[in-house]
Protein chains: 2
Amino acid sequence: MTDYVQRAAAVLEKINELAAISEDATGLTRTFGTDAFLAGRRRVQDWMELAGLQTRVDAIGNVRARFVSPNAGAKTFVIASHIDTVVNAGKFDGPMGVVMGLDLVTRLVESGKPLPFHIELIAFSDEEGVRFHTTYLGSKVIAGSFDNALLDKKDAFGMTLTEVLQRMGSTITDLPSDALAPADWLGYFEIHIEQGPVLYERHVPVAVVTAIAGQKRVEITFTGMAGHAGTVPMAMRQDALCAAAGFVLAVEQFALTHKDNLVATVGKLTVVNAASNVIPGEVSCSLDVRSNDADLLETTYLALHELAISIGANRPIRVNWNLIQETAPVLCDTGLTTVLAKSIQESGYDVIPLVSGAGHDGVPISQVSPIAMLFVRCYKGISHNPLEDVELADMAAALRVADTFLDSLIEQYP
Amino acid sequence: MTDYVQRAAAVLEKINELAAISEDATGLTRTFGTDAFLAGRRRVQDWMELAGLQTRVDAIGNVRARFVSPNAGAKTFVIASHIDTVVNAGKFDGPMGVVMGLDLVTRLVESGKPLPFHIELIAFSDEEGVRFHTTYLGSKVIAGSFDNALLDKKDAFGMTLTEVLQRMGSTITDLPSDALAPADWLGYFEIHIEQGPVLYERHVPVAVVTAIAGQKRVEITFTGMAGHAGTVPMAMRQDALCAAAGFVLAVEQFALTHKDNLVATVGKLTVVNAASNVIPGEVSCSLDVRSNDADLLETTYLALHELAISIGANRPIRVNWNLIQETAPVLCDTGLTTVLAKSIQESGYDVIPLVSGAGHDGVPISQVSPIAMLFVRCYKGISHNPLEDVELADMAAALRVADTFLDSLIEQYP
């Protein structure tokens, strides 16, 4: 009988080791291509090799380890997550999935049984997209959907993605050949913290993900007229912040009326040339809308655009609306998800189906492969924050469920 | 008959010369103690000397020129404004009053007539308070209310006021003796742009200031809980920006209901660790409330504090409220203001009494001297902005009114 708590403790030890590798001395920040990133990646590759796996680093900087089936014509099942982080990150978002994946594959290696299909364990190099304001650089290469136009993107210091990749020792022209051919995919599986509070509130350690929400990101600018805060009478003002404040509340109100299938957030708001004694003349803000329902996402987007325009027209304030990113909702594979839900049940836990509001590497992968995801409860749902935490018992639960899941897949193939 | 347009043109030429002396190549920024400030001050001092006045620079960096009366026991009438600017400033706010003052005194010097009282023309070194987040450094020294604790204040680069003064060549211990003794004050007069839109809207070139509004500045922090914008359901959020937005609108609404005697502004608003995909966990903002009515100022302050607390309590969001600065309303001197209003009338203009919503050096001076201020119309009321502009004809009008005002004072003395 496996001691899952012991395995979880070993996983946590590795997570802590990785968390100590950071760009800054105090918190955890390990963004794509930095020296800290390279050191963290090296550590992960070492672990994979110690487990007896063949490893390589591909052109986008993913670490890839293969456990090869003697069945030469077999397809490949990918287990993966990412090792880059946001700024001032928590230590579980990404690394937990990679280190758990290694633990799962190690058990299969140590069992000595031949696999009916290949397994590829991948540590994606860039999921958070912090450095280049991109999404899924690592998994797009694997999925064969990497767009070479991304190579010209520049980071905050003016360095292009091409330059960063070259500094990492990559051969740019290898990028296309690093994709897994669509015919080779058997499936994709990722373990990740929930990053939300539902499991925490419902006292359940894991959840099966049914979909990854579609998302629209908008940048909005409200332009009025700056003026002296002491001398422009109230009735003569065109205060851009008041317009933006009206919009923030309207967004919240709208999302609350559709709260079962929708979240909407103004996360950034900047008063241009702000001073306490100046009436704000220009305010820019972000809007992030997500839903698993493509129709609701679209109608919400249109309704909030209408609201912004009408708030502006009533003051009057000029409104500039700029859609900067959108992804469609992605459904997890019914077949894989059914097996995963059954594994949860067999492990003795309630099956809670969840929509992921956060994006994940499964989004680009879903274009070429069936995908499944297992969410693990995290403390109060806190993520992208040093307070991010996962109980050892919950990691043990996830390992138990994932063992069962993989054993079922191995048994069923084909 | 004086050609006021010609005199205004000469004034404008000097204003333009001063505006070319800036810390940066593109806009106008001349904050206290910088090399640009010292160069601008040198230019002003040269002009004063060219006009035949005795000048000196005092320990806080004010340029002071005296036109001495043969009447040795006479009091001193001060004409002044400031030569420091905000960041990315307009060219009239401050310098116009100094350069016009010089023009007014020059006429008196050139008339060859002895004065019945002394005149001191002062270019204050620091009214805007940008560098040390202070108010009225220059005029506080003149008024004898400079607090030595200010000497330890640090600028953004960690340099103390003491160090800056030493770099300017000042002897710190001279600060107290640079005050004009209370018994020596005859009065104080400043010409300044309105910095508001009332004269522009009413098509009148000048106004007599009846009071300088009292002011309270508050810093408020709303603290909720940061979270992932995709994963925290709407009903489980503690969004600090939504609370702050509610406060911004409540401030506007409250001020609109008292709009004849009150302005209130949230000029700064910062989302801490903002990201488009993070629910704001902490938002700080400023509040600036001004009124000429001390009671209304106080009741407004208390009411807005109540509002902030109740907005926080309803969400729930923690609210931290911190009063950082307050000044009481200051009344202009009835005697001087009556003479000034009569001078406006005699010059052929409608007399418009205005409350100054902006603070001015008259605030500290009012503690030791009767004060009077003349406002000049500016383009659309725009100030603290490169678009700040004043018509030549309006400067001519102000010179005409001020000539009449000074002649009346001379005639009436004692």
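Biologist: How far is the sulfur of A:Cys378 from the closest cysteine sulfur, and in which residue is that sulfur?
Modeller: In this predicted model, a disulfide requires two cysteine sulfur atoms within 2.5 Å. The separation for A:Cys378 is too far for a bond. The closest cysteine sulfur is 17 Å away, in A:Cys332.

Biologist: Is A:Cys378 buried or exposed?
Modeller: The threshold for a buried residue is under 20% relative accessible area. A:Cys378 has a relative accessibility of 1%, and therefore counts as buried.

Biologist: How many disulfides are there over all chains, and which cysteine sulfur is nearest to that of A:Cys285?
Modeller: Over all chains, the count of disulfides is zero. A:Cys285 accordingly takes part in no disulfide. This residue is buried, at 4% relative accessibility. At 11 Å, the nearest cysteine sulfur is that of B:Cys242.

Biologist: Is α9(A) parallel, perpendicular or oblique to α11(A)?
Modeller: Helix α9 (residues 334-346) of chain A packs against helix α11 (residues 392-412) of chain A at an angle of about 130°, and their axes are 8 Å apart. Because of that angle, the relation of α9(A) to α11(A) is oblique.

Biologist: How do the residues of the contact of α9(A) with α11(A) divide into nonpolar, polar and charged?
Modeller: The crossing of these two helices, α9(A) and α11(A), is right-handed. α9(A) contributes A:Leu336, A:Val339, A:Leu340, A:Ser343, A:Ile344 and A:Glu346, while α11(A) contributes residues including A:Val401, A:Phe405 and A:Leu409. The contact of α9(A) with α11(A) comprises seven nonpolar, four polar and one charged.

Biologist: What is the orientation of α1(A) and α11(A) to each other?
Modeller: Helix α1 (residues 4-19) of chain A and α11(A) pack at about 110°, with axes 8 Å apart. Angles of 65 to 115 degrees count as roughly perpendicular. α1(A) and α11(A) are therefore roughly perpendicular.

Biologist: How many residues of the contact of α1(A) with α11(A) are charged?
Modeller: α1(A) passes α11(A) in a right-handed crossing. Among the residues making the contact are A:Tyr4, A:Arg7 and A:Leu12 of α1(A), and A:Leu392, A:Arg400 and A:Asp403 of α11(A). The contact of α1(A) with α11(A) has 11 nonpolar residues and no polar ones, and its charged residues number three.

Biologist: Which residue of chain A is in contact with B:Leu262?
Modeller: B:Leu262 lies in the loop between α7 (240-256) and β9 (263-265) of chain B. At 3% relative accessibility, B:Leu262 counts as buried. Leaving aside neighbours within four places in sequence, its contacts in chain B include B:Phe254, B:Val289 and B:Leu296. From chain A, the contact is A:Met234.

How values were computed
Residues numbered from 1 in each chain as written. Chains lettered and ligands numbered in written order. Predicted model: local features only at pLDDT ≥ 70, side-chain atom pairs only at ≥ 80, totals over all residues. Heavy atoms only, no water. Axes fitted to C-alpha atoms, helices over the stretch in contact; angles between N-to-C directions. Helix = DSSP H or I, 4+ residues; strand = E, 2+ residues; numbered from the N terminus. Parallel < 35°, antiparallel > 145°, perpendicular 65-115°, else oblique. Left-handed = near helix turned anticlockwise from the far one by under 90°. Contact = heavy atoms within 4.5 Å. Nonpolar A, V, L, I, M, F, W, Y, C, P; charged D, E, K, R; others polar. Buried < 20%, exposed > 50% of the residue type's maximum accessible area, 1.4 Å probe, protein only.
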